[in-house]
Structure formats: C-alpha cells, structure tokens
Amino acid sequence: MTTKETRGIFVRCYYIFFVNGILTLLIGSLLPFIRDTYGLDYQIGGFLVSAHAIGNLVSSFLGGILPIKFGRKNTLIFLGTFGVIAFVLMTRTSNPALLILAFFFTGVNRGAVSNFNNSVVNEVATGKAWALNLLHAVFSIGAFLAPFLVLIFTKNNPHNWMYMALTEAALILTSLLIVFFMNVPNNYPAAKDGSKTDWSFLKNKYFIVATGIIFFYLCAEQSINGWLVTYLQDSGILSSQFSQVMTSVLWLVILIGRLLTAFVSTKIKKQYLLLGTSIGYVIFALILLFVHHSVITSIGVVGVGLFMAGIYATTIASIGDVVKEYPTCLGMLLTIGSFGAIIMPSIVGTVAKHTGIKGGMAVIIIAIAINMLFMVANVIIRKDEKQL
C-alpha cells in the first residue's frame with residue numbers, strides 16, 4: 001500500500017472517529033433537554049443511558065463476527081446506519097420505549113465505529129503507536145466539542161437540541177458515505193482458530209481483581225458521563241450553559257490525565273499507581289457529589305477527571321502477562337466490565353426518581369469506594385513483585 005493510500009485511510013478513519021467522539025458526549029449533553037422536552041423522569045433517563053451501553057456491548061460482539069462473512073465495510077455501513085436512525089428517531093417521538101431503542105442504536109453505532117477504526121488503523125500502521133494515539137486524540141477532540149455545539153444550538157431555544165441531534169445524524173451519514181467509497185484493507189478478515197479455548201484464567205487472582213476494578217470503574221465512569229450535565233443543572237449547582245462547559249472540561253482533563261498516567265507509569269509500580277489514583281478519585285468524587293457549591297464542585301469535576309483518567313488502561317496493562325498467555329482473557333474482562341456500564345446508570349436514575357438527582361448521584365460513591373477496595377487487594381496480591 002502506497003504512502004498516499006495510507007494517508008487517505010488515516011484521514012477517513014480520523015474523521016469517522018471524530019464524529020464518534022461527538023456522539024459519545026451527546027448522550028449526556030442531550031439527556032436533560034430530552035427529559036424536559038418529553039417530560040421523562042429520572043428512572044427513564046437512567047434506562048436511556050444504560051441502553052446506549054447495551055448497544056455498545058452488542059455491537060462489540062457483532063463487530064467481531066459479521067466482518068468475517070460480510071466484510072468490514074458492509075458491517076460498518078449496516079451497523080452505522082442505526083446511528084442515523086437513532087438521532088432522527090429521538091427527535092420524532094416521546095414514547096419511552098422508542099427513545100430507549102434510539103439510545104440503544106447510538107450504542108450500536110459507537111461500538112461498530114470503534115471496532116472498525118481501531119482494527120483498520122492498527123493494521124495499516126502496525127507497530128506505530130502514534131497512529132492509534134492520534135486516532136484517539138481526534139476522538140477526544142470530537143468529545144470535547146460536543147457540549148459546546150449543544151450550547152450553540154440551544155442558546156436561544158432549548159428545544160433546538162433537536163437540530164443538534166439531526167446534525168449528528170447528518171455527520172454520521174457523511175462518515176458512512178466515506179466508508180462506502182473507501183478502500184478498506186483486509187476487508188474480509190480470516191476466521192479465528194477454532195481450537196478449544198483455555199478458560200483457566202477465570203481462577204487467576206490477577207484476572208479476578210482486574211475484572212473487579214474494571215467493572216466498578218465502568219459503573220462510575222458511565223454514570224458520571226451520562227448524568228453529569230443533568231446533575232449539575234437540576235441540582236442548581238451550575239447553570240445549564242456552564243454545566244455543558246464542565247462536561248467538556250471533564251473530557252479535556254481526562255485526556256491530560258491519560259498522558260500524565262502514561263508517563264508516571266514508567267516510574268511507579270502499576271499497583272501503587274492504581275491505588276494512588278483511586279484515593280484521589282474517592283476524594284474528588286466526594287467533593288463533586290456532596291459539596292454543592294459552584295466553585296468547589298467544579299474543582300471536584302477536574303479532580304475526578306484527572307484521577308479516573310488512567311485507571312482503565314493501567315489496569316489492563318497490569319495483567320499484560322495473563323492477557324498474553326490467554327487470548328480470550330481480555331475479551332472476557334471487558335465484557336464483564338461492560339455490565340457495570342449497563343447497570344449503574346439505571347440504578348442512579350431509579351434512586352434519583354425517589355430521592356432526587358443528588359441522592360441518585362450519591363450512589364456512585366459506593367462503586368468508587370468498592371473500586372478502591374479492589375485496588376487495595378491488587379497491592380496485597382502483588383506485594384512480592386519486583387517489576388513495574
């Protein structure tokens with residue numbers, strides 16, 4: 001493949017992932033407007049966020065199966081089309097069941113795009129870490145811009161959120177057209193070896209602890225990303241406009257935190273790095289969730305983003321030897337962890353329905369505290385290790 005063809009693939013994948021970044025943050029940014037427009041309670045709001053996570057999980061499974069038979073290009077176009085349907089549908093109906101379906105479709109789109117971009121860019125630039133890092137940086141830019149775009153559309157009329165949703169539908173459509181005319185490398189990947197899978201890693205103490213960390217981390221992360229704007233706005237801590245801005249700030253700080261964690265991880269043992277970040281995570285989560293003051297809460301948002309940023313990747317890296325020995329280990333860990341992202345947002349919404357949004361969000365601290373306990377366990381089981 002020529003350099004020109006490679007650059008063309010990169011540019012197309014980066015644009016597609018940029019649009020996907022916008023989609024990801026729109027879930028939380030549009031939620032308060034959708035609830036107000038259609039008169040939905042917090043419980044239904046929680047179901048919407050959970051439906052997105054379920055769609056993402058289902059799409060991740062399909063993304064590993066369908067390309068073998070139908071090709072990567074056709075798989076992405078098929079699954080990606082659900083994203084267009086999703087954002088159009090959520091502007092046309094107040095039916096809770098159909099809205100839940102729409103949010104499920106957004107997750108299907110997100111998972112399909114993530115599978116496609118990560119696999120294609122990795123194959124085109126095998127061994128070149130800058131290519132994947134730039135891919136995820138572009139995703140972060142889209143995520144960072146999403147709340148500002150919502151502010152622009154809703155500045156004069158909150159019901160104009162529908163135009164933002166339709167704009168995202170149009171952006172997804174353009175990305176699918178780009179894929180349609182794209183020369184996709186290894187479009188029909190070979191089926192994986194059908195030999196018997198070794199499941200003995202399920203008893204591995206490092207795998208068990210890492211799975212606990214990822215599960216409760218995703219419980220909190222998905223709930224915070226999905227509910228933060230609603231929490232800051234409905235609790236009266238921040239204005240509607242500044243609540244959107246803080247969502248962008250959160251994502252920007254997460255990006256900075258990931259870069260800092262990548263550097264610090266070369267200097268400190270991973271188990272101690274995880275324990276340190278978990279302590280900071282708990283402290284700033286308590287500030288965010290229980291100190292209802294605009295300035296202090298904003299500091300809580302920044303601290304939460306900074307300390308939660310590196311947990312996911314560092315945890316995966318901490319069981320690198322296990323993942324290398326057991327190929328199915330990582331898929332199982334991420335699948336189990338994903339259920340945290342599915343379950344917790346609905347719990348937050350259900351509690352909020354009965355106690356208010358502050359009570360609902362307070363539940364998140366339980367997941368963060370349990371997350372820290374697993375990190376303490378991680379230090380204990382690794383106390384005799386010498387390596388970083």
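Helix H13, residues 329-355, has 27 residues and reaches 39 Å from its first C-alpha to its last, close to the expected 39 Å, where the expected span is 1.5 Å times one less than the number of residues. Helices here are DSSP runs of H or I with at least four residues, numbered from the N terminus. After H13 comes Gly356, whose phi is positive, near 100°.

This is a predicted model, in which local features need pLDDT of at least 70 and side-chain atom pairs count only at pLDDT 80 or more, while totals for chains, interfaces and linings use all residues. Residues are numbered from 1 along each chain as its sequence is written, and side-chain values use heavy atoms, with hydrogens and water left out.

The axes of H7 and H15, lines fitted to C-alpha atoms over the stretch in contact, come within 9 Å and cross at roughly 155°. The two helices are therefore roughly antiparallel (an angle over 145 degrees). The contact (heavy atoms within 4.5 Å) involves these residues, among others:

| Helix | Residue range | Contact residues, including |
|---|---|---|
| H7 | residues 205-234 | Ile213, Phe216, Tyr217 |
| H15 | residues 364-381 | Ile368, Phe374, Met375 |

The residues of this contact divide into 17 nonpolar, 4 polar and 1 charged, with Asp, Glu, Lys and Arg counted as charged, Ala, Val, Leu, Ile, Met, Phe, Trp, Tyr, Cys and Pro as nonpolar, and the others as polar.

Leu373 is also found in H15, and Leu373 counts as exposed at 55% relative accessibility, the cut-off for exposed being over 50% with a 1.4 Å probe and protein chains only. The C-alpha atoms of Leu373 and Ser278 are separated by 8.9 Å, although these residues are 95 residues apart along the chain.

Terms used:
Axes are lines fitted to C-alpha atoms, for helices over the stretch in contact, and angles run from 0 to 180 degrees between N-to-C directions. Angles under 35 degrees count as roughly parallel, over 145 as roughly antiparallel, 65 to 115 as roughly perpendicular and the rest as oblique. Buried means under 20% relative accessible area, exposed over 50%, partly exposed in between (1.4 Å probe, protein chains only).
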